[in-house]
There are 2 protein chains.
Amino acid sequence: MSNPVLVEALRGDTVESAHRGALVVVDADGATVLALGDVQRPVFPRSAVKLLQALPLVASGAAERWQLTDAELALACASHGGEPAHVATAAGLLARLGLDASVLECGAHWPGHEPATRALARSGAEPSALHNNCSGKHSGLACLGCLLAGGADARGFLSGYTQPQHPVMREVSAALQAATGHDLAHAPMGIDGCSIPTFAIPLQALARGFARVATGQGLSAGHAVAARRLRRAIAAQPFMVAGSGRLDTDLMAHFGERLCCKVGAEGVYCAALPELGWGLAIKVDDGNNARAAEVVLASVAQALLVRDEADAAVLAPRVAVTLRNWRGTAVGALRPASSLQQALATLAR
Amino acid sequence: MSNPVLVEALRGDTVESAHRGALVVVDADGATVLALGDVQRPVFPRSAVKLLQALPLVASGAAERWQLTDAELALACASHGGEPAHVATAAGLLARLGLDASVLECGAHWPGHEPATRALARSGAEPSALHNNCSGKHSGLACLGCLLAGGADARGFLSGYTQPQHPVMREVSAALQAATGHDLAHAPMGIDGCSIPTFAIPLQALARGFARVATGQGLSAGHAVAARRLRRAIAAQPFMVAGSGRLDTDLMAHFGERLCCKVGAEGVYCAALPELGWGLAIKVDDGNNARAAEVVLASVAQALLVRDEADAAVLAPRVAVTLRNWRGTAVGALRPASSLQQALATLAR
């Protein structure tokens with residue numbers, strides 16, 4: 001059985017390409033509100049679960065001890081574009097820990113935000129691990145590691161923190177398991193782009209994790225407090241979680257704490273909808289980039305979150321996306337396919 | 001009915017993403033050698049048919065009159081990376097025509113080749129239409145326009161050459177129709193990334209066009225000569241057709257005139273296999289980028305073109321592609337799915 005087509009790409013009036021995938025919305029009890037496609041299939045959530053991976057940073061007390069700001073906490077949950085403010089925020093946290101970019105094990109790459117890459121090249125500089133889209137998460141892991149090290153040498157303790165058996169990574173995986181309720185000991189494991197482990201988890205369990213983030217229900221008391229703290233930090237600093245022109249930043253800049261969403265590589269999206277107490281997870285089968293998952297997320301938000309014209313105006317161009325060519329001529333569109341439209345119509349308030 | 005999975009993306013040992021699509025191989029009579037998926041569905045071929053679109057440049061006599069070099073002819077069939085040699089070659093042709101980049105209607109964009117973009121930014125310059133991946137095709141169209149203008153002002157004649165009814169574009173569309181044998185008057189039309197029309201054509205007809213390019217059979221005498229001239233130019237200057245690290249360039253640098261292949265946007269690939277007299281066309285349904293179509297193309301070449309260990313060594317890492325993360329760690333792979341492997345096994349020599 002193949003998953004349904006969720007999003008179509010049109011050129012002129014003709015469907016040029018189509019994206020299949022699965023979508024599930026659940027409540028905090030784990031009950032299915034909406035399921036489209038195979039929602040039991042294990043999916044590598046990639047960066048979509050960074051908020052879950054940051055729970056120990058707050059729950060351990062590390063964030064409080066080093067007085068992490070909203071910007072630093074949001075960056076710990078980010079796949080950022082490597083813009084100057086992202087880089088400076090990661091560098092600032094590391095400096096406060098008495099560390100620097102040399103402890104980060106995420107690898108270096110040119111900024112995902114193209115103007116930032118060109119500006120960096122123009123300045124004659126090269127990218128460092130601070131420009132890696134995961135540098136905030138890794139700086140947060142370093143902060144957690146500083147706490148776990150106790151009085152010992154933090155730099156030495158952190159060596160190998162991206163390995164599955166390192167104390168830092170054991171805390172992160174335990175939080176992911178607790179939030180999703182899925183046994184990771186028997187889950188397929190892979191290595192993520194930033195070198196930490198990633199586990200294949202059924203889409204429905206990922207959605208359950210975000211319903212728990214939305215409500216606190218089903219989380220330990222410490223994780224519930226941590227989830228609320230991280231949601232608030234992200235809502236206060238949405239630029240830090242992604243960056244200029246990025247969907248996560250744009251949507252949360254508008255919706256604030258009403259929506260807590262996060263893209264992942266290979267067509268994944270997860271989100272918490274606190275006012276409904278629901279969580280959702282999306283996987284586009286081809287996973288090739290984020291365009292289809294973004295349309296699915298925006299479509300769900302359109303069905304569930306629109307209260308006024310301003311809400312509608314933010315979502316409309318992200319549900320029906322105009323595609324333009326190099327001269328700026330409108331040449332096509334992305335749009336939710338009929339299967340997705342029909343499924344969401346059953347949900348719309 | 002959905003198309004079969006052609007390519008899988010693995011993380012560790014687990015399938016993370018999958019790409020469905022269609023593949024057809026035909027001989028010069030249009031008889032099907034291999035068909036997988038829906039090969040009658042109309043597909044926008046995008047840049048995969050640039051060689052067909054360049055037939056009038058040669059058949060009209062324009063290429064001879066302005067003594068186009070192999071590099072210029074290959075660039076006329078290219079989706080290049082905007083590397084300095086690409087830009088200089090397009091600029092050189094325009095200068096010989098008494099024109100410059102201001103006649104090009106393709107729009108400007110930063111080079112697709114990332115190091116070229118960073119070098120351009122480092123130099124303080126901005127991209128022009130010469131950096132557009134289609135600037136060679138458009139320079140070729142300008143050359144054709146100079147001939148069609150007769151003695152008249154070429155710059156004035158060229159204005160609006162990207163419009164469907166302009167004499168230049170009518171020549172291009174007529175060549176595409178003649179080669180594929182498909183009536184474009186009733187085909188869905190869209191606007192391509194570089195602003196010229198693109199027509200949705202059944203995948204099988206696209207493959208037939210490339211079988212004709214491979215053999216000359218079924219083409220007019222002028223187009224048959226032109227196709228051979230363009231194939232030879234591309235084989236002599238494979239860098240010009242794509243660029244550093246690109247599959248088309250790498251494969252043709254090795255296989256020379258044995259393979260004439262071209263990627264198109266949205267998951268399309270077309271190729272002529274002169275030694276077999278066959279043509280092929282690939283469309284990956286999701287169209288999101290080239291990774292899956294590249295694996296399909298390399299898999300077909302592996303089944304049909306391997307004569308010795310050198311051939312095998314060039315293809316093996318492009319059929320089973322190792323995916324690495326930012327630290328260079330192998331984290332996954334692209335591989336042909338079983339449906340594709342089985343279909344190709346029936347073809348293998």
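**Cavities and salt bridges in a predicted model**

A search of the whole structure turns up 10 cavities of 30 Å³ or more. Keep in mind that this is a predicted model. The largest cavity has a volume of about 60 Å³. Its lining is made up of K50(B), Q53(B), A54(B), L57(B), A76(B), K137(B), G140(B), L141(B), L144(B) and V172(B). Two elements of chain B, α1 (50-53) and α7 (135-148), each give two or more residues to that lining. The largest share, four residues, comes from α7(B).

Now the salt bridges. The count over all chains is 28. I will go through some of them.

In chain A, D100(A) and R155(A) pair with an N to O distance of 3.5 Å. D100(A) sits in the loop between α5 (84-96) and α6 (114-122), and R155(A) in helix α8 (residues 154-158), so the bridge ties together parts 55 residues apart in sequence. D100(A) is partly exposed at 37% relative accessible area, and R155(A) is partly exposed at 38%.

In chain B, E275(B) and R307(B) form a salt bridge at 3.4 Å, N to O. E275(B) is in the loop between β9 (268-273) and β10 (278-284), while R307(B) is in the loop between α14 (291-304) and α15 (309-319); the pair therefore ties together parts 32 residues apart in sequence. Here E275(B) is partly exposed, with 31% relative accessible area, whereas R307(B) counts as exposed at 57%.

Last, a network: R11(A), E16(A), R46(B) and D192(B) are joined by salt bridges that share partners.

Key. Residues numbered from 1 in each chain as written. Chains lettered and ligands numbered in written order. Predicted model: local features only at pLDDT ≥ 70, side-chain atom pairs only at ≥ 80, totals over all residues. Heavy atoms only, no water. 1 Å grid on protein atoms, 1.4 Å probe; cavity = no way out; pocket = protein on both sides within 12 Å on 5 of 7 lines; lining within 4 Å. Points joined across faces, edges and corners; volume = space filled by probe spheres on them. Salt bridge = Lys/Arg side-chain N within 4 Å of Asp/Glu carboxyl O. Buried < 20%, exposed > 50% of the residue type's maximum accessible area, 1.4 Å probe, protein only.
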